[in-house]
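Me: I am new to this one. Could you take me through it step by step?

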Amino acid sequence: MGYPDQRFDVNLSILFTELPLLERPAAAAAAGFTAVELWWPWIETPTPPQAELDALKKALDDAGTQLVGLNFYAGQLPGPDRGALSVPGTESDRFRANIEVAADFAASVGCTALNALYGNRVEGADPQVQDALALENLVLAARAADRIGAILLVETLNKPESPLYPLVSAPAAIEVVDKVNAATGLGNAKFLLDLYHLSMNGEDLSQVIKAYAAKTGHVQIADNPGRGAPGTGTLPLERLLDELKDAGYAGWVGLEYKPGDRPSADSFDWLPASARAAG
């Protein structure tokens, strides 16, 4: 048990950001990792030129890294936005334009998990209207994911850092997961369980794991406080990951933490080199 018993991947949208996007897969590989994940890399457009998609695929292939998680278009992230799919008007349209683009790219690199960030509440918009739009768009995304043999992830964020995001508890995200699965009948919507965000919300992490491990499709970690590497805060991450494994979770654990004031490659000293390559 412990960290060496996990399947870790590196989130290249928060780690190795000191490098250009196309150099990050090789940097992760040089640090010993064979699996990576990404937020949608083109924050300005849901439909980048095919040449840019091809270049990212080549960078992943050349580095020997497997993309195991990809966000759909989510607006300005990092930045003020927390997704687009529940935001009426242009942003919802941009999300829809992205669905098949993201799914096709995921299929081209063998990625089988697509994360759909819900989006912030909008001043002047009826929350019920936003939620109905969200369900409509999540159903479309779930069907696109199913077409390529992938799961659709729904993520809880934390209220202190994302005060306008409505899914700031595990039960809130699970409710959306259940609604999507009921609407599609596909059963491929899953919970993205981020231990950092849940801890920031003050949730009982062990209880969340017991209650929702079976509905969890992906896990992400960072320590708290500070959103740094394991060991920089007070979260018992090694024990919590053991609890997840004991509860039946056998999927990926994304390293979604800030490296601090050191190069990303120096932030993995908590994890033995022998435990970084995912089998």
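Reply: Over residues 26–272 the chain is 40% helix and 14% strand, with the end C-alpha atoms 19 Å apart. Helices (H or I, at least four residues) and strands (E, at least two) are DSSP runs numbered from the N terminus. This is a predicted model, in which local features need pLDDT of at least 70 and side-chain atom pairs count only at pLDDT 80 or more, while totals for chains, interfaces and linings use all residues. Residues are numbered from 1 along each chain as its sequence is written, and side-chain values use heavy atoms, leaving out hydrogens and water.

Me: What does UniProt list for residues 26–272?

Reply: The unreviewed entry gives "domain: Xylose isomerase-like TIM barrel". Such annotations may be inferred rather than shown by experiment.

Me: Which residues does the "active site" annotation cover?

Reply: In the unreviewed UniProt entry, it covers Glu155 and Glu256. They span 102 residues in sequence, yet no two of their C-alpha atoms are more than 13.3 Å apart, so they gather at one spot. Glu155 and Glu256 are both in the lining of the largest pocket.

Me: Where is Glu155, then? And is it buried or exposed?

Reply: Glu155 is in strand β5 (residues 151–155). It is buried, at a relative accessible area of 3%, where buried means under 20% with a 1.4 Å probe and protein chains only. Its side chain makes a polar contact with the side chain of Asn115 at 3.1 Å. A polar contact is a pair of N or O atoms within 3.5 Å, and within protein one must be able to donate a hydrogen and the other to accept it; residues adjacent in sequence count only if both atoms are side-chain atoms.

Me: And where does Glu256 lie?

Reply: Glu256 lies in the segment after β8 (252–255), and it counts as buried at 3% relative accessibility. The side chains of Glu256 and Asn11 are joined by a polar contact of 3.1 Å.

Methods: 1 Å grid on protein atoms, 1.4 Å probe; cavity = no way out; pocket = protein on both sides within 12 Å on 5 of 7 lines; lining within 4 Å. Buried < 20%, exposed > 50% of the residue type's maximum accessible area, 1.4 Å probe, protein only.
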